[in-house]
Amino acid sequence: QVQLVESGGGLVQAGGSLRLSCAASGSIFSISAMGWYRQAPGKQRELVAQINFTRGGSINYADSVKGRFTISRDSAKNTVYLQMNSLKPEDTAVYYCNAQKPLGHYEYDYWGQGTQVTVSS
């Protein structure tokens with residue numbers, strides 16, 4: 001089992017910044033990727049950013065956040081961060097930390113409890 005604990009959400013004005021943190025614990029030895037997803041009311045959960053540990057640390061971003069958000073990792077602390085700059089009202093959502101572990105031919109997803117990010121206009 002992998003436990004993910006998020007922190008750093010809150011209320012910010014448009015154009016502001018927030019940094020989310022996600023600390024992983026438990027059976028973290030074979031985690032293949034970690035990242036952030038978000039879900040706005042009435043919408044599906046979507047990928048925001050992800051670091052692939054098994055692919056040379058490659059990083060993927062949603063087109064909507066490229067140039068504004070930065071994902072990073074502190075291996076010593078087993079923590080992943082999401083620095084969010086130039087926030088827009090459409091970034092308002094619950095942000096979930098995600099970790100993936102290989103399970104046979106598939107990837108098993110672990111999720112944090114979610115942290116609310118609200119951007120006011």
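Q: Taking buried as under 20% relative accessible area, exposed as over 50% and partly exposed as in between (1.4 Å probe, protein chains only), is Gln-100 buried or exposed?
A: Gln-100 counts as buried, because its relative accessibility is 14%. This is a predicted model, in which local features need pLDDT of at least 70 and side-chain atom pairs count only at pLDDT 80 or more, while totals for chains, interfaces and linings use all residues. Residues are numbered from 1 along each chain as its sequence is written, and side-chain values use heavy atoms, with hydrogens and water left out.

Q: Where is Gln-100 placed?
A: Gln-100 belongs to strand 9, residues 93–103. Strands are DSSP runs of E of at least two residues and helices are runs of H or I of at least four, numbered from the N terminus.

Q: Which side chain does the Gln-100 side chain make a polar contact with?
A: The partner is the side chain of Asp-109, at 3.2 Å. A polar contact is a pair of N or O atoms within 3.5 Å; within protein, one must be able to donate a hydrogen and the other to accept it, and residues adjacent in sequence count only if both atoms are side-chain atoms.

Q: And which residues does Gln-100 touch?
A: Leaving aside residues up to four places away in sequence, Gln-100 touches Ser-30, Ile-31, Ser-32, Ala-33, Tyr-37, Gln-50, Glu-107, Tyr-108 and Asp-109. Contact here means heavy atoms within 4.5 Å.

Q: Changing topic: how many helices and strands does the chain have?
A: The protein chain has zero helices and 11 strands. Its radius of gyration is 14 Å, close to the 14 Å from the globule rule for 121 residues, so the chain is as compact as a globular protein of that length. That radius is taken over C-alpha atoms, and the rule is 2.2 Å times the number of residues to the power 0.38.

Q: What does the C-alpha trace span, and what share of the residues is buried?
A: The trace spans about 45 × 25 × 25 Å along its principal axes. Buried residues make up 41% of the 121.

Q: Which non-glycine residues have a positive phi?
A: Asn-78 has a positive phi of about 50°, and Ser-86 also has a positive phi of about 50°. Most residues other than glycine have a negative phi.

Q: Where do these two lie?
A: Asn-78 is in the loop between strand 7 (69–74) and strand 8 (79–84), and its relative accessible area of 32% makes it partly exposed. Ser-86 is in the loop between strand 8 and strand 9 and counts as partly exposed at 39%.
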